[in-house]
Amino acid sequence: MTTRTLTFREAINEAIRLEMRRDSTVVLMGEDVAGGATIPHIEGKGEEAWGGVLGVTKGLATEFGRKRVLDTPISESAFIGAAVAAAATGLRPIAELMFVDFFGVTMDQIFNQGAKLRYMFGGKAQVPIVIRTMIGAGFRAAGQHSGCHYSVFTHMPGLKTVVPSTPHDAKGLLIAAIRDPDPVIFFEHKLLYDMTGEVPEGDYAIPLGVADVKRQGKQVTVVTMGRMVHFVLEAAEKLAQAGIDVEVIDLRTPSPLDEKVVLDSVKKTHRLVVVDEDNPRCGMATDIVALVSERAFDYLDAPPRMLTAPHTPVPFSAPLEDYYIPSVDKIVSTLKSLMAKPS
Amino acid sequence: MADISKEKLLWIYERMRLIRTFEDRVAELFTAGNLPGFVHLYAGEEAIAVGVCAHLTDRDFITSTHRGHGHCIAKGVDVKAMMAELYGRATGSCKGKGGSMHIADVGKGMLGANGIVGGGGPLACGSGLTAKVLGTDQVTTCFYGDGAAEQGTMHEAMNLASIWKLPVVFVCENNLFAESTPWTYHGASKSFADRATAYNMPGVLVDGTDLFAVYEAAGEAVARARRGEGPSLVETKAFRYYGHFQGDAITYRTEADLASYRARDPIEQFRKRVLERGLVSEAELAEIDARATQTVDEAVHYAEQSPYPAVEECLTDVYVSYP
């Protein structure tokens with residue numbers, strides 16, 4: 001398959017475009033996914049005002065028309081609930097929740113309707129919806145536009161959660177999410193949008209529930225996801241120079257969780273660190289540590305460690321926000337202190 | 001009334017009677033301790049569900065409420081499966097996983113009773129959107145109560161349905177109380193139908209105990225939706241004989257209120273009208289009454305004889321596939 005360099009943003013756009021070409025029941029909806037609805041010099045000329053607040057969905061309304069690319073009012077309950085029932089009645093909607101922090105205004109439709117509908121109906125319905133949403137700190141966007149919160153959704157039975165880290169994975173995982181028969185929440189880190197990487201042409205799906213070993217190592221396993229994958233890989237290179245051999249696992253989909261890859265790795269390295277940009281309590285870090293403690297405790301040579309954001313909202317001021325985000329330096333020092341302990 | 005065929009009149013009576021018989025029996029069963037959980041009964045509001053669903057086919061959709069048994073029966077959901085669901089049995093509409101507040105039958109266009117007040121408004125926009133995108137003439141009816149009318153979801157949904165011209169009929173069932181709180185207190189509007197103006201759609205207020213008034217108003221709204229002209233709001237004002245939930249002491253209602261309800265009973269009103277005009281015979285109605293009793297007897301027997309789901313069923317149907 002031919003590959004070429006695309007940004008993370010372009011990879012997501014391409015995944016949606018290919019699926020909309022392949023399947024006429026795929027529709028996209030959200031605030032300003034096209035923008036400028038009904039305005040003569042914009043929609044009237046087949047154009048878009050924005051194509052998504054950060055341009056991720058640019059060109060889709062132009063190619064597929066406003067019947068399948070729907071600008072919505074700022075009514076997340078209404079349009080996400082609509083996407084849920086549209087999914088249950090024959091469409092494959094992709095709904096955009098602009099920032100994940102806005103889940104508070106629509107959680108009933110996600111949690112009580114979308115996630116539970118199939119179960120409450122005794123399996124006699126399915127909800128093939130994708131909710132795309134932006135996550136992540138580092139944009140100086142403060143407390144209501146910067147969280148990760150994927151652990152909140154991972155906690156909920158009925159939902160699948162995807163946190164891609166590269167353009168290649170973003171495309172393949174989004175294609176899989178759109179084709180998936182269950183509700184999938186797809187978390188896009190806003191600071192990855194401009195990241196470039198090799199992306200194959202054509203369509204390919206990366207199965208949900210399969211973690212990716214990004215770096216083979218023998219001495220310590222680091223489990224992470226999203227933007228933190230790149231921080232951990234950078235830290236691993238530095239640690240290699242210090243003689244510490246790190247295995248890096250990109251979880252990719254917190255739910256379904258690839259337990260085997262994590263457990264096999266820990267059984268090999270005997271040490272575990274989880275690095276997560278989400279908050280620490282009841283999060284992915286505690287979840288992975290619990291998994292390993294329960295199922296691979298005897299293999300551990302040291303207590304597992306968690307390096308996460310603190311138990312605070314995301315602050316605005318630059319030095320505060322920089323402190324909030326787990327840094328490469330913190331990852332290096334955490335791993336060094338872990339490895340310094342006698343095994 | 002003249003334009004309703006005799007066959008349809010008999011169907012309407014049969015559905016209304018079946019709802020009443022079903023709900024009265026559920027009240028007895030619940031009070032006797034035979035049914036788990038809690039149930040919200042529809043008796044008194046039969047003319048609304050039936051008057052609306054008389055215009056719908058299995059291909060059309062409805063969204064419902066916590067008080068959903070009447071909507072299910074009006075939409076043609078199997079009564080045996082419904083009763084088995086209330087008993088939590090494996091043969092229930094939802095295999096015993098939903099219960100009273102989540103009875104659904106997507107094949108019949110019944111998108112679920114709903115335990116969340118106001119939860120159905122956005123969902124109705126979704127099935128409406130499906131019909132619009134796929135270019136079918138399917139109509140969705142969103143039943144919601146006067147309590148739900150105060151939820152933001154309903155306002156968002158009416159606005160969205162209107163700007164997207166979705167084939168949705170919003171049917172506000174004003175049964176006078178949101179739980180124990182009167183609509184005259186919880187609603188700022190003089191009527192819920194008035195709110196249609198704000199969303200640029202037709203809104204009418206009708207007597208929800210008068211089958212013919214509901215039938216006529218719903219007929220216009222459904223036809224408008226089917227023609228692709230967008231949503232409407234029909235407020236139907238009625239009452240409920242039972243409490244918010246079965247077991248509610250109904251301290252907020254007086255004996256005089258109840259007497260006034262009985263004087264306006266929707267099924268008795270219907271009987272009187274069709275008999276006075278000689279459209280159907282006493283014998284035909286009596287036969288329907290007997291059949292409703294028999295159907296509910298059989299449903300209770302079926303439910304009580306049905307097995308509980310195997311405990312392993314707890315773990316299935318969460319996902320279509322989950323590695």
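What follows is a walk through the domain contact and then the helices.

Modeller: This is a predicted model. Start with chain A. Chain A splits into domain 1 (3-200) and domain 2 (212-338). Taken over C-alpha atoms, the centres of domain 1 and domain 2 of chain A lie 27 Å apart. The two domains touch: 26 residues of domain 1 of chain A contact 23 residues of domain 2 of chain A. On the domain 1 side, four elements of chain A each give at least two residues: helix 6 (150-154), strand 6 (160-162), helix 7 (167-179) and strand 7 (184-189). That side of domain 1 of chain A has twelve nonpolar, eleven polar and three charged residues.

Now helix 1 (residues 8-22) of chain A. Its 15 residues reach 21 Å from first C-alpha to last, close to the 21 Å expected at 1.5 Å a residue. Eleven of the 15 are buried, so helix 1 of chain A is largely enclosed by the rest of the structure. Among the buried residues are Phe8(A), Arg9(A), Ile12(A), Ile16(A) and Met20(A).

The axes of helix 1 (residues 6-31) and helix 2 (residues 46-53) of chain B come within 9 Å and cross at roughly 140 degrees. The crossing is right-handed. Helix 1 of chain B contributes Ile12(B), Arg15(B), Met16(B), Ile19(B) and Arg20(B). Helix 2 of chain B brings Glu46(B), Ala47(B), Ala49(B) and Val50(B). By class, this contact has six nonpolar, no polar and three charged residues.

Conventions:
Residues are numbered from 1 along each chain as its sequence is written. Chains are lettered from A and ligands numbered from 1 in the order in which they are written. This is a predicted model: local features need pLDDT of at least 70, side-chain atom pairs count only at pLDDT 80 or more; totals for chains, interfaces and linings use all residues. Axes are lines fitted to C-alpha atoms, for helices over the stretch in contact, and angles run from 0 to 180 degrees between N-to-C directions. A crossing is left-handed if the near helix is turned anticlockwise from the far one by less than a right angle, and right-handed if clockwise. Two residues are in contact if their C-beta atoms, placed from the backbone, lie within 7 Å. Ala, Val, Leu, Ile, Met, Phe, Trp, Tyr, Cys and Pro count as nonpolar, Asp, Glu, Lys and Arg as charged, and the others, Gly among them, as polar. The expected span of a helix is 1.5 Å times one less than its number of residues. A residue is buried if 20 or more other C-beta atoms lie within 10 Å of its own, exposed if 12 or fewer, and partly exposed in between; C-beta atoms are placed from the backbone. Domain bounds come from an automatic or database domain assignment.
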